[in-house]
Amino acid sequence: MTAPLLYALAGALLCGLGLFGLLCLSHLLRKLLAFNVMGSGVFLVMVGLPQHQGGPDPVPQALVLTGIVVAIAATALAVVLIRRYYHLSGLTTLDAEPTSREGGQE
Amino acid sequence: MIQALRISAIAIACLMFVAGLAASIWAIAGNPLPESLPQLLSENMSRSGVEHPVTAVLLNFRSYDTLLEIGVLVIAGIAGISMAKTTSLEDPELRTSDSLLYALQRWFVPLMLVLAGYLLWAGADRPGGAFQAGAVLAATGVLMRLGGIPMEFIRPGLLLRLGLALGFTVFLLVALASAIGGDAFLAYPPAMAKTLIVVIESVLTLSIAMVLLALFVSAPVNDAEDPEEGGSS
Amino acid sequence: MTLWLMAGLLFTPLAWAVLTLLTDFSRGRLVSWAGILVQVLVSLGLWLAVARDGGFYYGLGGWDAPLGIELRVDGLAVTFVLLTAVVAGACGLHAGAYIDPDKPWHRYFWPLFWFLWSGLNAVWLGGDLFNLYVGLELISLSAVGLVALGGQAGALRASLRYLLAALLGSLAYLLGVALIYGQFGTLSIAGVATWLSDHPVPSGSGMALALMIAGLALKTALFPLHRWLPPAHGIAKSPVSALLSALVVKASFYIAARLWLELGQPIGSLAAAQLIGLLGSAAVVWGSWLACRQQRLKQVVAYSSVAQIGYLFLLFPLTFSVSETVSLQAQQGMTLQVISHALAKAAMFLAAGNLILSVGSNRVDALAGVSRFLPFSLFSFGLAGVSLMSLPPSGGFAAKWLLLQASLGSGQWWWVLVLLAGGLLSAAYIFRIYRASFLESSGTDQFFHPSRSLEVIPLILAMLALGLGLASDQVLTVMALPFEGEGAP
């Protein structure tokens, strides 16, 4: 058991936590935070697992850096959408239907 | 009751997911690694133009990833400012006129600008680089905005859009120039790799800061909206 | 020459995204039309070049895999690149006439459109697992931005749902990529496949493949993960809906199919293959059934997409542990289904947009009497429907014929029932629209006439979908082209 492997296993745990949050929580901001927790878990697995045997590996570190930027872009976009959604409908969840139900059977 | 059942079902599913994931991580950790990329990387470092391997991967070996990644950031910025339909993104409510904050700012803003510059420069041979520098720069902007310094350039005008596009454009022009020079798309000539990477990193820093700041600033919205197609009935 | 074509293919959409960001909608339209012309020519040129000389690997930045990112330019990839050029080009032309140029936020349509296109090209050509992830995110975020563009609460709601589903899917995929890199030390799909071909399968890699395919299935809206799709596709502007249904969902499916064809045989299992096939069949039946029950026109078309995507997933059981011939038939069927659905669904959404524009309502029963005023768009809608119902000689028929042969050839006769049921149900929802439009109710006589160009574009796309069955041989020979070997330029 090396430190990188411990990171990877912790990452697996974070992934599970984030997934639980994403499925269970209904407030949109909490969902978004859960997504970020899960993302951190994925990045930990990504950095930890290859460095367990191979020693320091710059490739996954660079990949994670790219991944973080992509996650930040997605998070920022989601926050802007959530704020505008709240502004227009006064809702913070996707549970209740804001307009009349003419959509059909879903 | 049904809610509790649902939550416990999801919790059990997530636990099983963690167990499965941990088991396969454990199994993979025990297997031998067939290919050693770090070694191949260190053999090619001399041709990359920078000393720090992470920067070399980001801006030379896998520069296509970085190009597309900046594209993703620009998309988020575009989508963000498309939400804000005011002519000015200034929000008077967000301004504070706290004198303590103002005093703090006068100390912090120059320091943060210097820090951003250092991070950018350090990227060549130690941890640092365009994104870190851009994030600090954006944070400076956030601080200035909260402190009540008007920032008229952050409105959805041509200047903001130029700023958003600048880093991406320069990166793309370098890529195109290398293709015109007869090499593959994004292949830098080894002699110029260092210069090109520094140029790209500098403009990327500006653009990244601009995108992040625009996303922060464009969150307030007004009521303008577009009706759904045929949504009148 | 090929190098120039590749650089043009990768460069133009990104460059046009920047150019159109700096202009307003009307000028952006002119610039974009020029860009569409360039992009169609470049794609056609690359397709012809590959059809003549065979496929090749293209190392970006002059670095080959595993150190750099290699693009895989083969027959299948260039076929999809050409398909994207045709469909996205048509949607772009249609959008230029359809979208109101006076709303200030519509200027952001063009940059998002071009970023979407560049993401699609990156995915079709991608041979590197992580690069595919970035390409997927490029597509998802620009698609979400397009759905949300200037929207009301309903559109924002749909786009948030879409965004959350897409992000979860990407993360699952990325987790799988992390496991693959941890195991194999490379990100190149070809590299992993080569190593697997002469080594035993290492334990733990099943989870990696499962995670990647599950994430991609969520992004492709495979039943039961389809619920984000109909709101998003139904509420977007019609040209955007057409792009999303025709191309965007195919991108994530394409990656899943590539992974399965390269790694499925060693890593996958029979149970997994059958399960995916079963979910695909459920999508065909359930999606078509829900399409029959929708009250809004574009929701009908969106649920029809859920059903048509289901057919694609029959590829998984039909290529696992079967003979070479059957596997090839299934792959050809899948390719034809992707192409014919892309053309037909784009035509259908664009025609539906015209219908909605002319009657001023998105409800199915408001279409009463429209057959007298807008026969052209209604005709396109029907022609596209012929391909979805898989009647000969359409591309949909050819696709399902190949899938049917593959199911019988591999002894998996139960998929034949799905193919038949799906065809009947799709006839039901298409005739329902027709019945509504031929009703001579006492309704209003106020019909708005969309311009001629808006009506011609869906007609051309529908004709292409219909004619695909006749030209399928040509398409399939290019798709099956082998690599020219170590021919990376």
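Author: A residue is called buried when its relative accessible area is under 20%, exposed when over 50%, and partly exposed in between, with a 1.4 Å probe and protein chains only. The model is predicted, so local features need a pLDDT of at least 70 and side-chain atom pairs count only at pLDDT 80 or more, while totals for chains, interfaces and linings use all residues. Residues are numbered from 1 along each chain as its sequence is written, chains are lettered from A and ligands numbered from 1 in the order in which they are written, and side-chain values use heavy atoms, with hydrogens and water left out.

Side chains of opposite charge can pair when their charged atoms come close. A salt bridge here is a side-chain nitrogen of Lys or Arg within 4 Å of a carboxyl oxygen of Asp or Glu, and over all chains this rule gives eleven salt bridges. One group of them forms a network that links Arg72(C), Asp74(C), Arg258(C) and Glu262(C). Helices (H or I, at least four residues) and strands (E, at least two) are DSSP runs, numbered from the N terminus. Arg72(C) counts as buried because its relative accessibility is 13%, whereas Glu262(C), at 23%, counts as partly exposed.

Another pair joins Lys219(C) and Glu137(C), with 3.9 Å between the closest N and O atoms. Lys219(C) lies in helix α8 (residues 205–220) of chain C and Glu137(C) in helix α5 (residues 129–148) of chain C, so the pair ties together parts that are 82 residues apart in sequence. Lys219(C) is buried, because its relative accessible area is 8%, and Glu137(C) counts as buried at 2%.

The nonpolar setting comes next. A nonpolar core is a set of buried Ala, Val, Leu, Ile, Met, Phe, Trp, Tyr and Cys residues joined through side-chain atoms within 4.5 Å. The largest such core has 301 residues, and those that touch the most other members include Phe185(B), Tyr162(C) and Leu259(C). Helix α6 (residues 153–184) of chain C gives the most to this core, with 21 residues. A second, separate core of seven residues includes Leu119(B) and Val136(B).

Finally, chain B and chain A may be considered together. Their contact takes 46 residues from chain B and 37 residues from chain A. Between them they bury about 3700 Å², 80% of it on carbon and sulfur atoms, buried area being the accessible area (1.4 Å probe) that two parts lose on being put together, summed over both. Across this interface of chain B and chain A, the rule finds zero salt bridges.

Technical notes:
Contact = heavy atoms within 4.5 Å.
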